[in-house]
Amino acid sequence: MRKFAALLVILALVVAFAPTVSQTQAQGKVKLVIESWRNDDTVLWEDVIIPAFNAHYPDIEVTFVAPPPAEYNAALNAKLEGGTAGDLITCRPFDLSLDLFNKGYLLSLNDLPGIEHFGDVARSAWITDDGSDVFCVPMASVIHGFMYNVDIFEELALEVPETEAEFFEALQTIKDAGYIPLAMGTHDLWEAATMGYQNIGPTYWKGEEGRLGLINGTVGYNEDGFLEAFKVLARWAPFLPDGYQATTYSDAQNLFTVLEEAAIYPTGSWEIGVFGLMNPDLNMSAFKPPVVNEGDTCYISDHVDIAMGVNAASPHKEEALKFLEWMTTQEFAQIYSDALPGFFSLSDHELTLENPVAQEFISWRGQCETTIRSSYQILSRGEPNNENDLWLYSAEVLNGTLSPEEAANKVQEGLANWYEPQMNR
Amino acid sequence: MNPARHVHNKQRFPFHILVFLAPAVIIYTLFMTYPLVDSLRLSLYTSDQYGNETFIGLDNYRKLMTDPLWEPRLKGAILNNIEFFAIHMFVQNPIGLLLAALLSSPFIRGRAIYRTLIFTPTVLSVVLIGFIWSIILSPLWGISGDFLTSIGLEQYAKKPWLGLESTALPTLSLVSVWQWVGIPMMLFLAALIAIPDELIEAARVDGATAWGVFWRIKFPLILPTVGIVGVLTFVGNFNAFDLIYTTQKVNAGPNFSTDILGTFFYRTFFGQQLQPGNPTMGATIAGVMFLIILAGVLLYMFGWQRRVAQVEL
Amino acid sequence: MLSLSSLSHRLRPAHSLQLLGAHAILLVYTALALFPIVLVLINSFKTRRAVFKTPYALPNSETWSTIGYETVFKRANFPDYFLNSLIVTVSALILILIAGTMAAWALAEYRFPGNNIMGLYLALGIMIPIRLGTVSILRLVVDVGLIDTLWALILVYTASGLPLAIFVLTNFMKQVPRDLKDAARVDGASEYRIYRMILPLVRPAIGTVMVFNMIPIWNDLWFPLILAPSERNKTVTLGAQTFLGQYIIDWNAVLASLTLAAIPVVILYIVFSRQLIRGLTAGAVK
């Protein structure tokens with residue numbers, strides 16, 4: 001049977017061929033793989049940051065791998081469990097990375113030369129509860145706010161809104177002129193919580209005071225500022241694009257940048273670089289979350305967001321640590337800030353920021369009190385997960401399927417379900 | 001059954017039979033039977049934060065069915081799955097039958113071309129279909145709105161089909177119907193073509209109309225295929241995942257209105273955002289899916305197939 | 001309905017009306033089936049502005065652009081993804097055919113204790129989706145060191161494809177004429193030789209099995225996502241899915257990658273549509 005023999009030969013070839021395809025590796029050079037969720041930044045890592053590292057270490061080849069952000073944690077966990085994760089792991093802040101460290105997936109970095117360039121605030125998101133081990137090199141924080149289309153604002157003779165009343169007045173003016181006031185949708189859920197609730201919220205719950213109050217159990221999501229933030233968020237609904245319930249994150253980005261149909265984009269500073277690439281001609285600037293009454297203290301979310309650690313199972317720990325060491329230098333901090341305006345370095349190096357929009361964002365640090373997102377530290381350790389609840393119920397508030405009070409009660413119930421200090425409120 | 005089987009010496013088990021069976025049995029047992037059984041076993045365990053597993057009996061199932069955090073998700077996923085299945089059963093399969101009935105007529109010219117073209121979406125991956133439809137339905141592009149306006153349904157043109165709790169699941173079900181209608185069409189077509197011409201001739205001579213011939217002669221003859229299509233639809237739908245995952249992501253929004261067992265399983269097993277994955281609860285959901293599918297298959301085998309077997313040719 | 005059985009009926013006006021109606025239904029449905037695919041295809045060759053402003057127009061000299069394709073070729077390894085898909089699909093099909101025909105032969109040809117139970121055991125997998133065992137498959141694959149290799153996919157697809165293959169092939173093999181086999185046995189041929197001799201006789205069934213397994217293996221997202229997600233092992237379905245996830249913001253790239261991922265499959269399908277349809281219809285009557 002010649003045909004059968006031919007089949008067997010093909011099989012043998014496939015057998016011989018498949019492993020070589022999957023296991024080919026450059027000899028001599030060490031290959032490091034970075035796991036990240038910042039898929040928007042892939043091009044910048046490939047074209048700018050990694051070449052700068054290779055100028056110092058030409059023998060270490062670095063690859064940047066990034067699935068879509070929403071899949072990152074799931075994919076990373078599976079890969080760590082399976083022993084196939086990359087050598088360098090991009091760290092989410094607080095508990096998710098702490099969990100990885102506790103399970104032994106991340107190396108302690110206490111002895112990393114250069115780690116001293118990061119102060120307590122920077123380290124706080126990647127340190128054990130007792131403060132004994134740092135396990136990721138802090139990279140950057142991101143600041144929430146609103147970007148706006150300067151041309152549309154000029155056309156409508158609008159001033160940048162400072163107070164809540166001015167903000168909603170401006171939205172109405174924009175709507176009357178036929179533009180989309182706020183480019184945001186609820187289809188992907190997370191924008192409602194991250195770019196909505198956590199963006200304007202600190203103003204109402206007074207930043208750190210409110211956030212620590214949640215952790216200590218002195219305030220709940222269904223009272224005071226936390227409830228008020230839901231109420232204000234609900235008022236955004238009429239100013240979102242038609243069909244916002246089905247508008248995705250990328251749809252909103254397109255509405256604001258490529259199509260220039262929207263005047264304001266509720267956001268975080270991480271978008272600056274991406275938007276510049278999407279539409280280099282876009283004339284944009286940013287304003288901070290409006291305060292309630294003129295003259296009130298302003299609060300911003302300056303969220304410690306991103307860091308990098310070493311996979312404890314990496315076969316190339318030495319080289320991976322070299323990469324991290326380079327990440328603590330002035331050189332890296334400057335390159336990173338230039339390449340990704342809007343990711344603000346957490347190191348103590350003196351840096352210059354070229355991008356005017358990034359300068360605008362960072363200038364708020366001097367004017368306002370800063371805080372981080374309310375659900376990230378400690379409160380997302382149990383079931384139901386506080387962050388997931390905020391995604392879900394913030395979107396429901398904007399969709400009009402829950403009232404702000406109902407949403408606030410549900411979030412609070414979820415937290416009180418497992419978090420001791422909140423149980424008897 | 002073929003009566004002319006080679007009869008062997010019964011004293012010892014012939015070695016060559018083992019050789020013939022071994023590769024299939026080994027691969028199948030290792031990568032299909034064992035994982036299924038082991039998954040069911042895992043659903044009886046729980047694991048702590050360091051990954052140590054302890055046996056807890058049926059507690060996971062009890063938790064899934066009674067815990068206020070889990071029970072609504074399970075119930076929601078099952079109900080959504082039933083709706084998903086019902087839309088396939090009562091939209092996809094009748095359309096498939098209609099198309100097959102038309103295509104089985106020898107007087108329709110270009111049957112092969114129609115058949116080939118209508119089957120095209122079925123060969124594409126669900127991922128591509130999901131992306132294609134999510135951009136078509138996106139309010140940003142407005143294609144679906146233009147289409148609805150052009151056929152006079154202006155009032156629906158701006159509806160965010162994938163963003164409302166009331167419309168997201170039916171819309172996605174119809175997208176799935178659009179993709180898979182080729183399968184029932186082909187199966188019905190094959191069954192219709194296999195009906196002997198004499199039977200139809202006889203009815204025609206008796207003066208029956210085409211409509212009458214179809215329902216009185218043909219349909220009863222293809223009843224076994226109706227059953228097969230039904231059970232294939234059932235198994236496929238209760239095992240679906242890709243389309244929802246591609247268009248609505250793991251959260252199966254809005255407000256879990258498109259959450260089916262497949263997405264519930266994936267989200268639980270792998271976790272999402274700040275929530276770590278939970279393999280033992282994931283296995284428990286897989287266990288529930290297994291029981292549902294098994295129940296459906298048994299119902300088909302003992303409820304439908306037996307009764308229908310009598311009319312089979 | 002429309003299955004007219006005598007030519008004379010065809011000329012009557014009522015019937016030409018019926019025919020017209022039938023064509024109308026089929027045409028409308030065909031348009032519905034193809035419209036989304038054609039829309040993606042034509043817009044993949046337009047500038048981004050034109051995609052949004054004139055989605056239904058064919059690209060003209062003003063709106064023509066291949067920027068999306070440039071992005072895809074620069075940023076994604078579609079040729080590698082295709083190679084991976086090809087390796088996985090072809091290897092799994094070969095394994096299914098070898099192991100499947102052997103087992104089917106044993107079940108069809110020999111009477112041995114446990115024959116029926118073995119047949120039932122192997123057929124059970126037709127109804128139970130392998131995805132339900134994902135948790136354990138992942139652990140198993142990690143334990144034997146096959147995680148993130150194409151082998152993990154090949155073995156899982158082989159296991160999940162075998163039940164249907166064995167079921168269909170067994171039915172066919174039972175119909176192979178007895179004289180042939182007996183003649184060979186009289187000539188002293190071994191059982192292995194007889195097995196190889198009958199293989200060409202069940203070629204239609206082998207075709208059926210191939211087409212039934214090929215499409216789901218090629219199009220699967222689940223197991224590549226879980227068992228072999230790294231860049232170098234991505235299949236085309238997973239590659240397209242991750243690329244689309246990353247570049248969803250860039251509609252030119254999205255449309256181009258959708259076209260690139262779909263067109264080869266559509267071309268292959270049109271080339272092989274006859275075999276495929278014969279396979280489907282042959283399988284159905286079983």
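Author: What follows is a set of questions and answers on a predicted model.

Reader: Which residues of α1(B) and α4(C) meet, and how do they divide into nonpolar, polar and charged?

Author: From α1(B) come B:Ile17, B:Phe20, B:Leu21, B:Pro23, B:Ala24, B:Val25 and B:Ile27, and they meet C:Ile98, C:Ala99, C:Gly100, C:Met102, C:Ala103, C:Trp105 and C:Ala106 of α4(C). The residues of this contact comprise 13 nonpolar, one polar and no charged. Gly counts as polar under the classification used, and C:Gly100 is among the residues in the contact.

Reader: Why is A:Ala192 called buried?

Author: A residue is buried if 20 or more other C-beta atoms lie within 10 Å of its own, and A:Ala192, with 29 C-beta neighbours inside 10 Å, therefore counts as buried. This residue lies in helix α8, residues 190-205 of chain A. Leaving aside residues up to four places away in sequence, A:Ala192 touches A:Thr186, A:Tyr197, A:Trp391, A:Ser394, A:Ala395 and A:Leu398. One of these, A:Ser394, is 202 residues apart from A:Ala192 along the chain, although the C-alpha atoms of the two are separated by 5.4 Å.

Reader: How do you know that the radius of gyration of chain A agrees with that of a compact globule?

Author: For 425 residues, a compact globule would have a radius of gyration near 22 Å, and the value for chain A is 23 Å, which agrees. Along the principal axes, the C-alpha atoms of chain A fill a box of roughly 80 × 50 × 50 Å. Buried residues make up 55% of the chain, and among contacts with a separation of 6 or more, 77% are between residues 24 or more positions apart. Chain A has 17 helices and 10 strands.

Reader: What makes the backbone at A:Phe94 and B:Ala252 worth a remark?

Author: Most residues other than glycine have a negative phi, and most peptide bonds are trans. A:Phe94, by contrast, has a positive phi, near 60°, and is found in the loop between β3 (88-91) and α4 (95-102) of chain A. B:Ala252 also has a positive phi, near 50°, and its place is in the loop between α12 and α13 of chain B.

Reader: Are these two residues buried or exposed, and how do you know?

Author: The cut-off for a buried residue is 20 or more other C-beta atoms within 10 Å. A:Phe94 has 23 such neighbours and so counts as buried, and B:Ala252, with 27, is buried as well.

Reader: Where are the cis peptide bonds that you describe, and what are their omega values?

Author: The bond from A:Glu383 to A:Pro384 is cis, with omega near 0°, and A:Pro384 is found in the loop between β10 (369-371) and α16 (386-399) of chain A. Another cis bond joins B:Gly253 and B:Pro254, where omega is about -10°; B:Pro254 is found in the loop between α12 (242-248) and α13 (261-270) of chain B.

Conventions:
Residues numbered from 1 in each chain as written. Chains lettered and ligands numbered in written order. Predicted model: local features only at pLDDT ≥ 70, side-chain atom pairs only at ≥ 80, totals over all residues. Contact = placed C-beta atoms within 7 Å. Helix = DSSP H or I, 4+ residues; strand = E, 2+ residues; numbered from the N terminus. Buried ≥ 20, exposed ≤ 12 C-beta atoms within 10 Å, placed from the backbone. Rg over C-alpha atoms; globule rule 2.2 N^0.38 Å.
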